[in-house]
Amino acid sequence: MTEYHPAPDTDITVRRKLGALLKTERVRVGLTQSEAVALVGKAQSTIAKVENGQTSVSRQDLAALIEGYEVHDDAMKAKIWALWERACSPARLRDEQRIGTPPWFLKPLETEQAAKAIWSWTGERIHGLLQSECYMVAQLNGEGRGPEMTPLFRQRKNRQKVFGEAGKSFDFIFSESALDRLCAQTHRSHVISDQLRHMISLAELDNVTIRFLPYHRGSYAELDFVILRPFGGKDDCAYSERVDGVSWATKRTMPIYRQAWSAKESTAATPEDTLQELRRRLERAAPEGLEVG
């Protein structure tokens, strides 16, 4: 069977659980959101956002709410503080990485850093290693995750150091759909241009191969997957991404990943044609008069 690692709750999910408990305790003592404002000196809209899990709450404000809501049950207080530690505590930032990064994603990151060679297929998106900073901001900030961007900047910077490490090689194939989705963001032309320029610069590196799979060469797209080859002659490993986690290949299923890669490789455009396509799309996206490299 495939080794499966389910994803834990996200920050947003944990904040919603915390907010639901706070709302329950507020209602229990008969306070309205407007009345709870006096406890923390915040606007009523902030209380609403906290209860809906849309924003974090500081340690000081949470302590004030617990006292104001007369939460005397030790088990309930422990549960509230445990949720706060998981989703809101500043202490979650350690070693330039948010502790809240899903555990299932840490193993792929660690394996990626230690890999000698990486083969990546993505059907509808640009692989994280290929993402420009501008593109990353547009994707994540659009989900209201602005306050979390600093650790994500650091993570991206550390992650992309692998391109400059000796002895490593990278081969990326993504569908034409991924390019179309990128270039469809006409209200973000600067994001399109920045991402295309970034991929062009990476494609020009000797140890990086980037190819796209045209629509007419394949209608079926497997789930996104990555094959990694460690240094030291160790066996290859592979994983596929799911909405709720990552599935790691076993010895029995590794041939399936290799076959899937071979199928993509045999139908993908050449690196030269891909580079030409990226430049063509950049010419369309770049503001008039801006030089296209």
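Helices (H or I, at least four residues) and strands (E, at least two) are DSSP runs, numbered from the N terminus. This is a predicted model: local features need pLDDT of at least 70, side-chain atom pairs count only at pLDDT 80 or more, and totals for chains, interfaces and linings use all residues. Residues count from 1 along each chain as its sequence is written, and side-chain values use heavy atoms, without hydrogens and water.

**View 1. Asp-61 sits in helix H4 (residues 59–68).** Is Asp-61 buried or exposed? Asp-61 counts as buried because its relative accessibility is 12%. Buried means under 20% relative accessible area, exposed over 50%, partly exposed in between (1.4 Å probe, protein chains only). Leaving out residues up to four places away in sequence, Asp-61 touches Val-40 and Lys-42. Contact means heavy atoms within 4.5 Å.

**View 2. Strands S5 (residues 169–175) and S6 run parallel as a pair.** Six bridges link them; pairing takes at least two DSSP bridges. Phe-172 has Ile-210 of S6 as its bridge partner. Strand S6 spans residues 208–213, and five of its six residues are buried.

**View 3. The largest nonpolar core has 35 residues.** Such a core is a set of buried Ala, Val, Leu, Ile, Met, Phe, Trp, Tyr and Cys residues joined through side-chain atoms within 4.5 Å. Phe-170, Phe-172, Phe-174, Leu-196 and Met-199 touch the most other members. Helix H10 (residues 189–203) gives the largest share, six residues. Beyond neighbours within four places in sequence, Met-199 contacts residues including Phe-174, Ile-210 and Leu-278.

**View 4. A second, separate core holds 19 residues.** Among them are Leu-18, Leu-22, Leu-65 and Trp-84.
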